[in-house]
Amino acid sequence: MSRSARLLDLVQILRRHRRPVSGRTLADAIGVSIRTLYRDIATLQGQGAPIEGEAGLGYVLKPGFMLPPLMFSDEEIEAIVLGSRWVAKQPDKRLAAAAADALAKIAAVLPDDLRDDLDATTLLVGPGSENAEAIDLGIVRQAIRDERKLGFLYRDAGGAASKRLVWPFALAFFDKVRVMVAWCETRQDFRHFRADRMSGLTATDIRYPRRRQAMLKEWRAGLDAPGRNGAKDASG
């Protein structure tokens, strides 16, 4: 591995951690001696990378630092293209457009040889879902980001309709359906809502009283708890 590639890997490893990481852990992760690791840290700091810490305490990369993606491995390129192509096939048109834009931005800063690899990858995505939603998933995603309540009409598998006011905190993308995970005020519990059964979506300015990260953690714990199936389908 070249030194430039090693430095890039070191930045990527630091980016994955929010808390200080020991020098020994970092050295082992990139396969160098602790002395080399300290030199690499000093090099990155000298180039402007906001890495804080010192030997014996650990190191952390301050949020917001970006390096141009000057190099990717073959598998990283395949993962980027395959993921972007899959998102581009989703019925969420704004998200699909964003995937295409993101791929174009990445391609714009790649060296010519890697840009050619990006264009030539042969991993393909099958046809998109036939289940079209009548709602704008962009509104759901915005409500999740802003932690705002959503109102809508929901029809269960039997066709029975009910009005719901929920606290959305996650959106799952499956091959044939999109599912919103939310706390339902009607049922006073976590519920799963299929997007193709939702209509009359109403975004509100009402902030729900909990943080989405906390609800996501609690929901996941419910999925893992013995004897529990996690959030119920919204037919309940």
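**Briefing: a hairpin, a helix crossing and a buried glutamine**

Strands β3 and β4 form a hairpin with five residues between them, and in its turn G159 has a positive phi of about 95°. This is a predicted model, in which local features need pLDDT of at least 70, side-chain atom pairs count only at pLDDT 80 or more, and totals for chains, interfaces and linings use all residues. Residues are numbered from 1 along each chain as its sequence is written, and side-chain values use heavy atoms, leaving out hydrogens and water.

**Strands**
- Strand β3 (residues 148–155) pairs with strand β7 (residues 198–207) in the antiparallel sense over five bridges, where strands (E, at least two residues) are DSSP runs numbered from the N terminus and pairing requires at least two DSSP bridges.
- Y154 has M198 of β7 as its bridge partner.
- Strand β4 (residues 161–173) runs antiparallel to β3 and is joined to β3 by six bridges, with R164 of β4 standing opposite F152.

**Q90**
- Q90 lies in the loop between α4 (74–88) and α5 (93–108), helices being DSSP runs (H or I) of at least four residues.
- Q90 is buried, with a relative accessible area of 8%, buried meaning under 20% relative accessible area (1.4 Å probe, protein chains only).
- Leaving aside residues up to four places away in sequence, Q90 touches A96, F173, F174 and R178, contact meaning heavy atoms within 4.5 Å.
- A polar atom of the Q90 side chain lies 3.5 Å from the backbone oxygen of W86.

Notes. Buried means under 20% relative accessible area, exposed over 50%, partly exposed in between (1.4 Å probe, protein chains only). A polar contact is a pair of N or O atoms within 3.5 Å; within protein, one must be able to donate a hydrogen and the other to accept it, and residues adjacent in sequence count only if both atoms are side-chain atoms.
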